[in-house]
Amino acid sequence: MTHLHLWNFLIQMRFKVDENLPNEVARLLAEAGHDASTMLEEGIGGAPDEEIACRCLDEQRALITLDVGFEDIRLYPPDKYLGLVVLRWGAYSILKLHWAP
């Protein structure tokens, strides 16, 4: 394994892209060398937040979503998940990253 391939292996992340984002997000992540799946690919569009969170835990994936419900750290404590990335669009766009320590 070359140094470049080893580096890519070591930094590859696993993501689940929520249905409220375009499939393009998963494609871009895959092109960057990450493992990205989408809710729609898996046929679980419309699943409750709790089910999405459980799937992310089971599959050891970080979630990327527009769903601000995942910002509530009382319901989704950052130390329990590999990552919850909540994107917010608008005049005051904010990118919130909740990575486990």
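Rings of Phe, Tyr and Trp (its six-membered ring) are taken to pair if their centres lie within 6.5 Å, with planes under 30 degrees apart called stacked, over 60 edge-to-face and the rest tilted. In one of them, Phe-70 and Tyr-76 are tilted, at 4.7 Å centre to centre and 40° between the planes. Ring pairs join Phe-70, Tyr-76 and Tyr-81 into a cluster.

Before I continue, a word on the basis of these values. This is a predicted model, in which local features need pLDDT of at least 70 and side-chain atom pairs count only at pLDDT 80 or more, while totals for chains, interfaces and linings use all residues. Residues are numbered from 1 along each chain as its sequence is written, and side-chain values use heavy atoms, with hydrogens and water left out.

Let me turn to the overall architecture. Helices (H or I, at least four residues) and strands (E, at least two) are DSSP runs, numbered from the N terminus. The chain has three helices and five strands, and along the sequence they follow the pattern α-β-α-β-α-β-β-β. I call a residue buried under 20% relative accessible area, exposed over 50%, and partly exposed in between, using a 1.4 Å probe and protein chains only. On that scale, 32% of the 101 residues are buried. The accessible surface, by the Shrake-Rupley method with a 1.4 Å probe, where for residues only the protein chains shown count as cover, comes to about 6,500 Å². Carbon and sulfur atoms account for 60% of that surface. Contact here means heavy atoms within 4.5 Å. Among contacts between residues at least 6 apart in sequence, 33% join residues at least 24 apart.

Next, the strands. Two strands pair if DSSP finds at least two bridges between them. E1 and E3 pair in the parallel sense over three bridges, with Ala-62 in E3 as the bridge partner of Phe-15. E3 and E4 also pair in the parallel sense over three bridges, and there Ile-64 has Val-85 in E4 as its bridge partner. In a regular strand the side chains alternate between the two faces of the sheet. Within E3, Ala-62 and Ile-64 point one way, Leu-63 and Thr-65 point the other way, and all are buried.

That brings me to the interior. A nonpolar core is a set of buried Ala, Val, Leu, Ile, Met, Phe, Trp, Tyr and Cys residues joined through side-chain atoms within 4.5 Å. The largest such core has twelve residues, among them Met-39, Cys-56, Leu-63, Phe-70, Tyr-76 and Tyr-81. Which elements give two or more residues to this core? They are helix H3 (49-59) and strand E4 (84-88), and H3 gives the most, with three residues. Apart from this core lies another, of ten residues, including Phe-15, Leu-29, Ala-36 and Ala-62. As for Cys-56, leaving aside neighbours within four places in sequence, its contacts are Lys-16, Arg-61 and Leu-63.

Finally, the charged side chains. Side chains of opposite charge can pair when their charged atoms come close. A salt bridge is a side-chain nitrogen of Lys or Arg within 4 Å of a carboxyl oxygen of Asp or Glu, and the structure holds eleven of them.

Lys-16 forms one with Glu-59, the closest N and O atoms being 2.8 Å apart. This pair links distant parts of the chain, with Lys-16 in strand E1 (residues 14-17) and Glu-59 in helix H3, 43 residues apart. Is Lys-16 buried or exposed? Lys-16 is buried, at a relative accessible area of 0%, whereas Glu-59 is partly exposed at 22%.

Asp-35 forms a salt bridge with Arg-61, with closest N and O atoms 3.2 Å apart. Here too distant parts are linked: Asp-35 is in strand E2 (residues 35-38) and Arg-61 in the loop between H3 and strand E3 (62-65), 26 residues apart. Asp-35 is partly exposed at 25%, and Arg-61 is buried at 9%.

Glu-24 and Arg-27 form a salt bridge at 2.2 Å between the closest N and O atoms. Both lie in helix H2 (residues 23-31), three residues apart, about one turn of the helix. Glu-24 is partly exposed at 39%, and so is Arg-27 at 37%.

To close, a network of salt bridges links Arg-14, Lys-16, Asp-35, Glu-42, Glu-51, Arg-55, Glu-59 and Arg-61.
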